[in-house]
Amino acid sequence: MASRTIPWLTSLFLVGLLATAQAGDLVVVASTAPGFKLGQIIDAGASLNIPAEKSVTLASESGKMVQIKGPHNGPPGIADDGIREPSLIAALSRLLSGPAANKTAIGAMRSGRSSAPTDPWVVETGKRGKNYCIQEGGPALLWRSNQAKVTILTLENLTTKNKVVVVWPRSTRTMTWPPKITLLDGAKYRSHLKGDRRKKKFILHLVPSGLPSDAHRAVWMAKKGCVVQAKRLLAWRNKH
């Protein structure tokens, strides 16, 4: 009897280990449900209680992001695609559970305020951010908070010494990056809006096009100092 029981127990133990390994971890990247905090790490096999009209968006170890809408009571049910990147979960958790001062991007997107952009891929001309990230090969946009009047923008590439002066039309909050100013990864730039005594210097980073998901892009951006943009990207991804 013992010789039969031990192999059976061993098989059961191995099945349990396999199920645990396959479960993996998930991280909360957006939530309107009570009890779920941004950056919270959850076991993929855990039972989740999400009330009606509430939702929780989770990212997996592969970077897949899935929104679960309530009412929901049970495991997340996110399909396992066989990709294992526990470091991605840890990095997302650190990004989303960081200092409260860095959470303004997600808060502004939820409230719909226009004092800050919701598009993750814009360079703000009137703020003091030292690092900005844009997509490699993608469109580059400049953004301003005050669109009430016409203004003059001066943009310089301090690395190549190129400079351009352009008119920023009234009632437009965004402007396409001037083509005469080359987009270079790691290059230093300076922008100035007429009437503003400050001249803003910043470093531009080009997000590699080969990254597999927005979760990977957000982590890459955060490492380059584009923390607010990284959080905007996750919030934007949750809306689309």
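Leu-92, Leu-95 and Leu-96 of helix 2 meet Val-227, Ala-230, Lys-231 and Leu-234 of helix 5. The residues of this contact divide into 6 nonpolar, no polar and 1 charged. The model is a predicted one. Helix 2 spans residues 86-96 and helix 5 spans residues 227-239. Their axes come within 10 Å and cross at roughly 110°. Angles of 65 to 115 degrees count as roughly perpendicular. Helix 2 and helix 5 are therefore roughly perpendicular to each other.

Next comes the core. In soluble globular proteins, nonpolar side chains tend to be buried together. Here the largest nonpolar core has 24 residues. Leu-92, Val-207, Met-221 and Leu-234 have the most contacts inside this core. Strand 1 (25-31), helix 2, helix 4 (214-223) and helix 5 each supply at least two of its residues. Helix 2 gives the most, with 6 residues.

What does Leu-92 touch, not counting residues up to four places away in sequence? Its partners are Val-27, Ala-59, Ala-215, Val-219 and Leu-234. A second core of 18 residues is separate. This second core includes Val-123, Ile-134, Trp-177 and Leu-204.

Now take helix 4. This helix is mostly covered, with 8 of its 10 residues buried. The buried residues are Asp-214, Ala-215, His-216, Arg-217, Ala-218, Val-219, Trp-220 and Met-221. What covers them? The cover includes helix 2, strand 8 (131-135), strand 14 (200-207) and helix 5. After helix 4 comes Gly-225. The phi of Gly-225 is positive, near 95°.

The strands are the next stop. Strands of a sheet pair through backbone hydrogen bonds, either parallel or antiparallel. Strand 9 covers residues 141-143. Strand 9 and strand 12 pair in the antiparallel sense over 3 bridges. Trp-143 stands opposite Thr-174 in strand 12.

Beyond strand 12, the chain runs through a loop to strand 13 (188-193), and Thr-182 is found in that loop. Is Thr-182 buried or partly exposed? A residue counts as buried under 20% relative accessible area, and as exposed over 50%. Thr-182 has a relative accessible area of 35%, so this residue is partly exposed. Leaving aside neighbours within four places in sequence, Thr-182 is in contact with Asn-157, Asn-162 and Tyr-189. Asn-162 is 20 residues from Thr-182 along the chain. The C-alpha atoms of Thr-182 and Asn-162 are separated by 8.1 Å.

Ser-191 lies in strand 13 itself. Its relative accessibility is 3%, so Ser-191 counts as buried. What is Ser-191 in contact with, leaving aside neighbours within four places in sequence? The contacts are Thr-125, Leu-153, Thr-154, Leu-155, Lys-199, Lys-200 and Phe-202.

Note on methods: Residues numbered from 1 in each chain as written. Predicted model: local features only at pLDDT ≥ 70, side-chain atom pairs only at ≥ 80, totals over all residues. Heavy atoms only, no water. Axes fitted to C-alpha atoms, helices over the stretch in contact; angles between N-to-C directions. Helix = DSSP H or I, 4+ residues; strand = E, 2+ residues; numbered from the N terminus. Parallel < 35°, antiparallel > 145°, perpendicular 65-115°, else oblique. Contact = heavy atoms within 4.5 Å. Nonpolar A, V, L, I, M, F, W, Y, C, P; charged D, E, K, R; others polar. Pairing = 2+ DSSP bridges. Core = buried A, V, L, I, M, F, W, Y, C linked by side-chain atoms within 4.5 Å. Buried < 20%, exposed > 50% of the residue type's maximum accessible area, 1.4 Å probe, protein only.
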